[in-house]
Amino acid sequence: MKVLLLENIHPLAVEVLEARGFEVELRAGSLSEQELLEVLPGVQLLGIRSNTHITQAVLDGAPDLLAIGCFCIGTNQVDLVAAADRGIAVFNAPYSNTRSVVELVIGEIIALARRLTEKTHKMHDGVWDKSANGSHEVRGRTLGIVGYGNIGTQLSNLAEALGLRVIFFDTADRLAHGNAQRMKSLDELLAKADVVSLHVDGRPGNAGFFGPEQFAKMKPRSLFINAARGMVVDNESLREHILSGHIAGAALDVFPVEPKAQGDEFESVLRGLPNVILTPHVGGSTQEAQEEIGYFVAGKLAGFSLEGRTELSVNLPAVLAPQLQAGHRIGFLHVNVPGVLAGVNGVLADAGANVTGQYLSTRGEQGYVVTDTLDPLPADALAKLTQSEHTIWLRTWDA
């Protein structure tokens, strides 16, 4: 099978996949829709990060594609519904770079509170400005976390260790860690927080989530951090509030439009502003995180294509099947209607199959059943399953 990995995915992913027998091509940058349409025929597995967008048109032009690995946390760059409709599994790394993002945010909180960006720029210009003006400790200040998921909760724990008081707001019901306090509304959080840090996901409903109204409700001279998604923040409004002095400083790692490749010019209305940290989407870009992500997602892609395992897939029914140690395996992705499993088992019984294990999961309009047998299923039995009106795909594997 052929694998295409884009956007500087860690070489460990190549090692993992090549060790399992895959032919791997590694590319440095992202590809446009048209470029993807040109290269994807013949590719079974695709690996991307956050800057490559997999649209319905791309999927229509990728007849050989079996699975997509998002070597990052988010999957909003992939049309998950269209992928599911075609039986293409999508995997990501929801936990692997959490610590790296949190450490970046902690560093930014301290750097902004101490106005280190301005200090270091002056030093490089030969100016000795030994002044405490505008410089503060973070101990005793209030951190407001918007989005209390994997990253938000770990940030909460580390922030408390630094002496910050933590408050948070999330639309989901989340368990508070340590002494963190849940706020009833975003407005309540904004009114109390000295530092606001966003950690929401990239669902379409979050576009423009934080704009003029929210910045106006933040405490005067507070700090703002966005290490979540670029499209959730109105950067024009942030610029206005920084220039007015209402916001004392900001740090952003994500942007609505980001350069496609290393070395491309970066454009933003936030360039050149005082006490503003701009980083090129490197929240999860540590050697430790990228190595872990490469290993984790590559393993999921291999497990799916070689054994039919879909655990932690974000768009197909998640079946946690054991590694195929002996015998044969049948993977049957189908429309989720009553009676399909009974029909499958009827075919197996008629064929005299000795079933050694069976695993089923459903998700929305799809169901997925994995059946392990001692001997291969006869061709006529496989044909019956393949020709069923409810079949999306049927695949077989041998140990």
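Let me start with threonine 98, which is found in helix α5, residues 98-113, where helices are DSSP runs of H or I of at least four residues and strands are runs of E of at least two, numbered from the N terminus. This is a predicted model, in which local features need pLDDT of at least 70 and side-chain atom pairs count only at pLDDT 80 or more, while totals for chains, interfaces and linings use all residues. Residues are numbered from 1 along each chain as its sequence is written, and side-chain values use heavy atoms, with hydrogens and water left out.

Is threonine 98 buried or exposed? Threonine 98 counts as buried because its relative accessibility is 4%, and buried means under 20% relative accessible area, exposed over 50% and partly exposed in between, with a 1.4 Å probe and protein chains only. Leaving aside neighbours within four places in sequence, threonine 98 is in contact with Asn150, Ile151 and Gln154, contact meaning heavy atoms within 4.5 Å.

That brings us to helix α7, residues 150-161, whose axis comes within 9 Å of the axis of α5 and crosses it at roughly 50 degrees; axes are lines fitted to C-alpha atoms, for helices over the stretch in contact, and angles run from 0 to 180 degrees between N-to-C directions. The contact is made by Thr98, Arg99, Val101, Val102, Val105 and Ile106 of α5, and by Asn150, Ile151, Gln154, Leu155, Leu158 and Ala159 of α7.

Elsewhere, helix α11, residues 287-307, lies across β13 (328-335) and β16, running at about 90 degrees to β16.
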